[in-house]
Structures are given as structure tokens and as C-alpha cells.
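I opened this entry to look up how the strands pair and where the nonpolar side chains gather. The notes below follow the order in which I checked things.

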Amino acid sequence: MAVELKVPAVGESITEVQIGQWLKGEGQAAEKDENLVEIETDKATVEISAPVSGTISKVLKRTGETAAVGEVIGYIEPSGNGSGAVAAKSELDAAAAAKSQAAQEIRTAKPKSETAAKSSEARKLTVPAPERPQAAPRPPVDAEHGLVVSREDRRPISRPREVEKPRSSPAIAPVARGVRQEEVVPMSPIRRRIAERLVEAQHQAALLTTFNEIDMSAVIALRNEHKQVFFDRYGVKLGFMSFFVKAAVDALKLVPQVNAEVRGHDIVYHNYFDIGIAVGGGKGLVVPVLRDADRMSFAEIELAIADLAHRARENSLQLEELQGGTFTISNGGVYGSMLSTPIVNPPQSGILGLHVVQDRPVAREGQVVIRPMMYVALTYDHRIVDGQGAVTFLKRVKDVIEEPMRMLVEI
């Protein structure tokens, strides 16, 4: 008896999923616990595995279709219960389809003799050449003045200039263009959720962005000095993100409104620091969260970010890793972005945007010098964060990054 393949529960608030790629098709065998199909939610991609060893006997929901939690999307026939018959039926169906296709080609093909006869008749047709019009007699010319004399009143009129005939140019062949097509692809649940939340942020929050620039010389020098020892001890590179996570936590303690949220008519201040790190995943932008980032060391932050980014690309993040968060950091610099205005992740009230580091001329002690500079942006919800608080926050991030020792001595 065939075993049902049902959509499992994938989250408290998730009632519907989208069918992703079927890893096994009808008539194909699968071992127990082998992945059969991917299902996509607005948070992550989940795989359904085979409950028993057998053969996929029926697929009810195709890729791109939606299904409710608990709905049957296919059947698997356990081994020894007709799986061979299913495979044989699939082979027969394929053979019948090939035979039907061959018959259709025979019916639509034209005999070569008929085509050749029509071509021969076409060559026999001739088109008579058009008669050439006789040239009109030219009027007499006054030899003394070089003027054409009218036959009627002999009044002088100007001789028309002979216009040079244009040289014949080779015909320009039309530019060959490929077939212009459009492909309609349904939005994935993750992409739909991203769109909904971004529009929600624009409609419900009073967003404003403030900017500053940071001299990255001190951080770069610190990294270059300790990067090899850091890698040898922890097995991960010392990157910029750990510095900015530490700097953001420091600034959030100074300006707690940026770490708060609007809840109805109340302001909720968080006494913990769960920092979301925006990363590009296989299905789109996701924001896994570093819980209690204020208690994490540089190495713990770098290891956690590397792990989350890897699993985001593999679509293997867990739902709980994407939920919550009190503040977000987005690094568009990894893609070459020079300046941007990031959008907050509701219900959060702030997001820090990082950008590419570029050598630029700056003034230092009355001299123009070249320094590695980065533009940073803070987008904030003006309903609870005033301009002064936003500027103070971003200025604190700048001060801490330009003098990393401040994080150690807490000044």
C-alpha cells in the first residue's frame, strides 16, 4: 500500500508552503530517509525525506505550486509492493509517447517529389521587362548665354543643374535578432516575505538616514598585525564585521532608543543585544541573528558569522536562527557598494549599513593624506529615535572603529 508524503509542520505561524525541486521523480527509487523534495517557506528551505524505502508512485504537487501544512503532495510505494510494476509502467508510457511522436512527424512531412515539382514550375515562370519611357525632346539652348530658351516666349530661364545619381550601395541585411521571450516565475516564499517586510517598514515607520565616514587605518593595521596568529588559534580569519558588531553594541548601550521598538503605543527597550547580520543566501537576503552579541568574543563572532553565511548559501538555516533580533548590520561593501540607505527590519528601529573601503584623500593635521575610508549609514525610525540620538550613535561607531582600544578600556 502506498505511503503518503505530507507537508510537515515547519513553524508556528506557517500554514502554507511552496513546493520546490523534486529530487526524485515518479518511478524513481529512494532509500529510507533519503531526501525527496524541497519545500520553501518565507523563512527557509526544508527537505522532506522518504519515510520508507520504495519507489515514487505519484506526484500530486509540482514545483512552484503551494500546499497547506499536512496536505498530501505525493505517494511512495514501499519496496516489494508493486514498485517494479510502477517502473515498468513508466517505461511503457515513455515508449508510447515516442511512438506517437514519430507517427505525428510522418503525417506532417511532405513528399520530396511534390516539393521538387513545385520548385521546377516556379523556375519556368518569367516576368516581362517593363517598357522604357521615351525621353522628351530637349528645348533649344542659347549658345551665347548658356540659357535654355522657352519655345513659347523665348524668355531666359535658368539651366537646371544635373544632379549626380547616387552610387548604388550594397543592400544592408537586417540584423538577425534572437527570439524575444519572457519567463514568468512565481516569487518564492522568502522573496515574497522580503517584499512584504520592506513595504511594511516603509509604510509603518518614519525612516530617516544619517551618514558618516570612518578611517579604517587602525582596524586594518590591527588585522594585519594579528591575522595569522588569530587564524592559527581559531581557524577563522579576523574580519571587519566583528569590529563593527562590537562597536554597534557599544553604541547601542550609549543610545538605547536604537535598540528599542515601537509596540502599539509603547516603547519597548531591550536590555539584551541580538544583532542580525544580513547575508545573501541561495534564495535571497536573510538575516540570521547573533544572540547576546555583547557576551561574544571576537573569535566567537567571526566563527558564528562564517557558519551562518555558509548555511545561508546552503539554505540550511533553522527558523529560530532567523527570528528576533534587536538591531541589524548590513554590509553592502562585499558587493562593491559605495553608499546606500538601508531599510530597517521591522519591528527593529535601526540598521547600520557598511560599504566598500576605498583610498581617498583626507585632511589630517593640515595635510592632505591618502587613507582607507568607508562610508557608513544609519537608517532609523524617527518615531522613537531623534536626530541627535542617531548622529550620536553613528559618531560613537566611528570613534570606536578609528580607535579600537576604546572597546577594551570602555571610554
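Predicted model: local features only at pLDDT ≥ 70, side-chain atom pairs only at ≥ 80, totals over all residues.

I count two strands as paired if DSSP finds at least two bridges between them.

How many bridges join strand β2 to strand β4? I found three bridges between β2, residues 16-22, and β4, residues 35-40, and the two strands run antiparallel. Within this pairing I looked up Trp22, which stands opposite Val37 in β4.

In soluble globular proteins, nonpolar side chains tend to be buried together. The largest nonpolar core here holds 52 residues, and the members that touch the most others are Phe244, Leu290, Phe327 and Ile329. Among the elements that each supply at least two residues of this core I noted the helices α4 (217-234), α6 (298-313) and α7 (387-402), together with the strands β15 (275-280) and β18 (327-331). The element that gives the most is α5, with nine residues.

I took Leu290 for a closer look and, leaving aside its neighbours within four places in sequence, I found it in contact with residues including Val245, Phe273, Asp274, Ile277, Met296 and Leu308.

Finally, I noted a second, separate core of 20 residues, which includes Ile19, Ala50, Ile56 and Ala67.

Definitions and conventions
Residues numbered from 1 in each chain as written. Heavy atoms only, no water. Helix = DSSP H or I, 4+ residues; strand = E, 2+ residues; numbered from the N terminus. Core = buried A, V, L, I, M, F, W, Y, C linked by side-chain atoms within 4.5 Å. Buried < 20%, exposed > 50% of the residue type's maximum accessible area, 1.4 Å probe, protein only. Contact = heavy atoms within 4.5 Å.
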